[in-house]
Every structure is written in C-alpha cells, then in structure tokens.
Amino acid sequence: MARGKKRRGAPKREYEELDVTRLRMSIPHTEQKRGGEFQVQQTMGSNAEEGKTWICPVCVVLIEPGVVHTVAWDIHRGVQSRRHFHNHCWKLFDGILP
Ligand SMILES: [Zn+2]
C-alpha cells in the first residue's frame, strides 16, 4: 500500500524569497561602523553605470558587473566617499575608508 505524500507543489516560497531580495536591494539604510555612520544600499550596478567595474576596498578584488553588492558611504563625508563592497566584505569592514 503506497501512502504517497505528494501534495507539496506550492511555488509560493520561491516567490517570497525573490520579493525579499528585491526589498533588500532597494531600501537604503544606515549602519554604524567603528569609523562612523554609513549610508548603505545594495545594488546590482546595472543602471546608468553599465560596464563600470569597481574594486572592493576590503579585499581589493574586482566586483564583477551584475553582481549584487553593497554600496556605502560615510554620511559625514558625503556621497563622494562612496565605495562598492562585496556583501560579505561589507560585513567585515571596520569603517575606516582608505
Ligand atoms: Zn571584497
């Protein structure tokens, strides 16, 4: 006697995850680091700056175009202090910009 549990076909979860990612990417917020207060936003870098690449100041490795990454700048130093970080590098970043 086969007692199959086959009713798991709800694709809802996938949709929710996608939604959360979009939300995370679009909402700028502030974060405290040792070096100060930073305005932080996630980006894919795909609009306006197409073809542009960035060097992550933490690991000094190129951020490939189309990769979701973190853009952050020191609120007190202004937007010109803006840097692009790998998401994991931003977490490691101690707040001191080179
Ligand atoms: Zn990095």
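Student: Let's start with valine 71. Which residues is valine 71 in contact with, leaving aside its neighbours within four places in sequence?
Tutor: Before the list, keep in mind that this is a predicted model. Valine 71 is in contact with Gln39, Val40, Gln41, Thr43, Arg82, Arg83 and His84, once neighbours within four places in sequence are left aside.
Student: And where is the place of valine 71?
Tutor: Valine 71 is in strand E5, which covers residues 69–74.
Student: What does valine 71 count as, buried or exposed?
Tutor: Valine 71 counts as buried, because its relative accessibility is 5%, and buried means under 20%.
Student: OK, next one along. Which residues does threonine 70 contact, with the close sequence neighbours left aside?
Tutor: Threonine 70 is also found in strand E5. Leaving aside neighbours within four places in sequence, its contacts are Val40, Gln41, Gln42, Arg83, His84, Phe85, Asn87 and Trp90.
Student: Which side chains make polar contacts with the side chain of threonine 70?
Tutor: One is the side chain of glutamine 42, at 3.4 Å. Another is the side chain of asparagine 87, with a polar contact of 2.7 Å. Threonine 70 itself is buried, with a relative accessible area of 3%.
Student: What about histidine 69, where is that found?
Tutor: Histidine 69 is found in strand E5, and it counts as buried at 0% relative accessibility. A polar atom of its side chain lies 2.8 Å from the backbone oxygen of valine 67.
Student: Switching topic! Which residues make up the largest nonpolar core?
Tutor: There are 7 residues in all: Phe38, Val40, Ala72, Phe85, Trp90, Phe93 and Leu97. In soluble globular proteins, nonpolar side chains tend to be buried together.
Student: What does tryptophan 90 touch?
Tutor: Not counting residues up to four places away in sequence, tryptophan 90 touches Glu31, Lys33, Phe38, Val40, Thr70, Ala72 and Phe85.
Student: Now the metal. Which residues coordinate the zinc ion?
Tutor: The zinc ion is coordinated by Cys56, Cys59 and Cys89 through their SG atoms and by His86 through ND1, at 2.0 to 2.4 Å. The site is tetrahedral, with angles of 102 to 118° among the 4 donor atoms.
Student: How are the donor residues spaced in sequence?
Tutor: The spacing is C-x2-C-x26-H-x2-C. Cysteine 56 and histidine 86 are 30 residues apart and link distant parts of the chain. Cysteine 56 is in the loop between strand E3 (54–55) and strand E4 (62–63), while histidine 86 is in the loop between strand E6 (83–85) and helix H2 (87–92).
Student: Buried or exposed, what do cysteine 56 and histidine 86 count as?
Tutor: Cysteine 56 counts as buried at 0% relative accessibility, and histidine 86 counts as buried at 13%.
Student: Last topic: how many salt bridges does the count come to?
Tutor: The count comes to 1 salt bridge. In it the side chains of aspartate 94 and arginine 34 meet, at 3.5 Å from N to O. Aspartate 94 lies in the segment after H2 and arginine 34 in the loop between strand E1 (29–33) and strand E2 (36–43), so the pair ties together parts that are 60 residues apart in sequence.
Student: Are those two buried or exposed, and which is which?
Tutor: Aspartate 94 counts as partly exposed at 36% relative accessibility, whereas arginine 34 is exposed, with a relative accessible area of 68%.

How values were computed: Residues are numbered from 1 along each chain as its sequence is written. This is a predicted model: local features need pLDDT of at least 70, side-chain atom pairs count only at pLDDT 80 or more; totals for chains, interfaces and linings use all residues. Side-chain values use heavy atoms; hydrogens and water are left out. Donors are N, O and S atoms within 2.8 Å of the metal (3.2 Å for Na, K and Ca); water is not among the atoms, so sites may look incomplete. Four donors count as tetrahedral if all angles lie between 85 and 135 degrees; four count as square planar and six as octahedral if opposite donors are over 155 degrees apart and all others between 65 and 115; anything else is irregular. Helices (H or I, at least four residues) and strands (E, at least two) are DSSP runs, numbered from the N terminus. Buried means under 20% relative accessible area, exposed over 50%, partly exposed in between (1.4 Å probe, protein chains only). A nonpolar core is a set of buried Ala, Val, Leu, Ile, Met, Phe, Trp, Tyr and Cys residues joined through side-chain atoms within 4.5 Å. Contact means heavy atoms within 4.5 Å. A polar contact is a pair of N or O atoms within 3.5 Å; within protein, one must be able to donate a hydrogen and the other to accept it, and residues adjacent in sequence count only if both atoms are side-chain atoms. A salt bridge is a side-chain nitrogen of Lys or Arg within 4 Å of a carboxyl oxygen of Asp or Glu.
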